[in-house]
Amino acid sequence: MAQITENQIKDIVAKVLDEMQNMDSISDNWDSTQYDGRPFIGIFDDMNEAILAADRCYKTVRAMSVEEREKIITEIRRLTREEAAIMGKLGVAETKMGKAEHKRLKHILVADKTPGTEDIVANAKTGDNGLTLIEMAPFGVVGAITPSTNPSETVICNSIGMIAAGNGVVFNPHPGAIATSNYAVDLVNRASRAAGGPDMIVCSMKKPTMESAAIMQSHPLIKLLVCTGGPGVVKAVLSSGKKAIGAGAGNPPVIVDDTADIQKAAKDIIDGCTFDNNLPCIAEKEVFAFDNIADELIAGMKRAGSYQITKEQADALAKIVLVEKTKKDGKTVKTVNRECVGRDADVILEKIGVHVGKEVRCIICEVDFMHEFVQEELMMPILPIVRVKNIDEAIELACKAEAGRRHTAHMHSKNIDNLSRFARAVETTIFVKNAPSYAGIGFGGEGHTTFTIAGPTGEGITSARSFTRQRRCVMADSFRII
Ligand code: NAD
């Protein structure tokens, strides 16, 4: 075995210390109005003022040529790539969730694969009665609510699509990720300035609250609401009386049948499940494995960095990662313990007295279908596995676990009948076959990316065109040139 030299050790220590210092400086410095002494552009104390400013941005964007908008988007992409590592670290430091390197990769994905103005395509219809043109017009000012799980990724992805479509945007970011979200708002504004656009092109709040979200939802200047978050907030915007795009919660099931490449399935599932510590809403949340391959699958998952806990340990852990919350109507419901969401597997295991190293990236356990780990969207690297007899039982239980959210489902199989049956039955917006979940948003899979997957309202993998309204222009009896 090769010996590690003294100089190599010094290099590693220096790198680790440097990394720790970076994290500390981020933790010490983050606030919602500046980063490292540089004041953020576009941050307001009052939602009404932010909306008025966003309306002015809308008027400026509307007057721009498509080429000018695309120049700004190109600069947003460039800065996002350049500052991806900072936003990754900032996101982890502020929210205490996820993994900085995975967050960096998510930003690169946003920069590379979020569609710009090329997504806005006009349609024409010609015939005996002349020419009719259908154009994709902006809505006006969009009110966007963003989550804590992909904070800056969502702000940048939404900004690119909304600006490409010619809209103004005001954000009401998650209060738990406000510094990271506003860093991204500032980045978009810096990009606009650098590309010769307006000084401010998107706006946000210094201290977003439920009240500021309520003002946004009822303000007459807001023409479209785009909400990326859990069931509570999606329900709120869908009840607002305005046009709304709702990108809500998921609980993606995975089926593994006995025709799958089991070793590849095991690794793919653990890679997807542990990406950013399971924060992405598309990530694998529970597995339904054919009984005759379950042992082999579990062995493969262990080789891929998982630690298996017993049923008793799973029950003990469930009491920690899920807590009871009393709702306004007095009813108590189980909800995820925010102290555990997006945390590393070893940190979660510590809570039940199991000490492992950082090489363990996922906690797996065999449970029954009714176990809370299967029923609840945990957003942490805990993966329950349910044994099933056959494809009928697998599809029935996986659909029940997905529970009509129409979000995401996965399957590992080489049987095209099984794949087609599950895809048809589960009715999800994203269905990934034989790959980690992130292939579904363009990371190692074809297609554009988004961090706003609108299942409930049907826009699906949103892009610039999702933030437009159709307008028709008719020239009767002329301009058909054939
Ligand atoms: P969350 O639901 O806790 O919060 C989202 C935002 O909504 C925050 O800004 C929050 O302050 C606000 N909010 C919450 N309730 C509200 C209400 N009643 N009225 C107005 N605003 C309200 O989201 P989170 O925990 O940061 O994100 C995780 C959830 O979001 C998960 O359920 C995940 O599946 C989902 N998510 C979905 C997508 C998607 O594309 N479909 C993407 C990311 C996250």
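Buried means under 20% relative accessible area, exposed means over 50%, and partly exposed is in between, with a 1.4 Å probe and protein chains only. Asparagine 415 is partly exposed, because its relative accessible area is 26%.

Now the ground rules. This is a predicted model, where local features need pLDDT of at least 70, side-chain atom pairs count only at pLDDT 80 or more, and totals for chains, interfaces and linings use all residues. Residues are numbered from 1 along each chain as its sequence is written, and side-chain values use heavy atoms, with hydrogens and water left out.

Back to asparagine 415. Where does asparagine 415 sit? It is in the loop between β18 (408-412) and α15 (416-426). Those names come from DSSP runs, numbered from the N terminus: helices are H or I, at least four residues, and strands are E, at least two. The side chain of asparagine 415 reaches the backbone nitrogen of aspartate 417 at 2.8 Å. That is a polar contact: a pair of N or O atoms within 3.5 Å. Within protein, one atom must be able to donate a hydrogen and the other to accept it, and residues adjacent in sequence count only if both atoms are side-chain atoms.

Asparagine 415 also has partners from elsewhere in the chain. Leaving aside neighbours within four places in sequence, asparagine 415 is in contact with Asp257 and Thr259. Contact means heavy atoms within 4.5 Å. Asparagine 415 and aspartate 257 are 158 residues apart in sequence, but 8.4 Å apart in space, C-alpha to C-alpha.

Compare that with valine 234. Valine 234 lies in helix α8 (residues 231-238). Its relative accessible area is 7%, so valine 234 is buried. Valine 234 and arginine 190 are 44 residues apart along the chain, and their C-alpha atoms are separated by 30 Å. Not counting residues up to four places away in sequence, valine 234 touches Cys227, Gly229, Gly246, Ala247 and Gly248.

Next, helix α2. Helix α2 (residues 47-63) has 17 residues, so it should span 24 Å; its end C-alpha atoms are 24 Å apart, which agrees. At the start of α2, a side-chain oxygen of aspartate 46 comes to within 3.0 Å of the backbone nitrogen of asparagine 48. Buried residues in α2 include Met47, Ala50, Ile51 and Tyr58.

On to helix pairs. Two packed helices are described by the angle between their axes and the distance between the axes. Axes are lines fitted to C-alpha atoms, for helices over the stretch in contact, and angles run from 0 to 180 degrees between N-to-C directions. The axes of α3 (residues 66-95) and α4 (residues 100-113) come within 7 Å and cross at roughly 155 degrees. So α3 is roughly antiparallel to α4. The cut-offs: under 35 degrees is roughly parallel, over 145 roughly antiparallel, 65 to 115 roughly perpendicular, and the rest oblique. The crossing of α3 and α4 is right-handed. Right-handed means the near helix is turned clockwise from the far one by less than a right angle; left-handed means anticlockwise.

The second pair is α9 (262-274) and α10 (residues 291-303). Their axes come within 8 Å and cross at roughly 50 degrees. Therefore α9 is oblique to α10. This crossing is right-handed too. Among the residues that meet are Ile262, Ala266 and Ile269 in α9, and Ile293, Leu297 and Met301 in α10.

Now some backbone angles. Most residues other than glycine have a negative phi, and most peptide bonds are trans. Lysine 96 has a positive phi, near 65 degrees. Lysine 96 lies in the loop between α3 and α4. Asparagine 278 has a positive phi as well, near 70 degrees. Asparagine 278 is in the loop between α9 and β12 (286-290). Buried or exposed? Lysine 96 is partly exposed at 47%, whereas asparagine 278 is buried at 1%.

Last stop: the loop between β6 (141-146) and α5 (151-164), which holds asparagine 150 and threonine 149. Asparagine 150 is buried at 4% relative accessibility, and threonine 149 is buried at 11%. The side chains of asparagine 150 and lysine 106 make a polar contact of 2.6 Å. Threonine 149 is also in contact with Lys106.

How values were computed
The expected span of a helix is 1.5 Å times one less than its number of residues.
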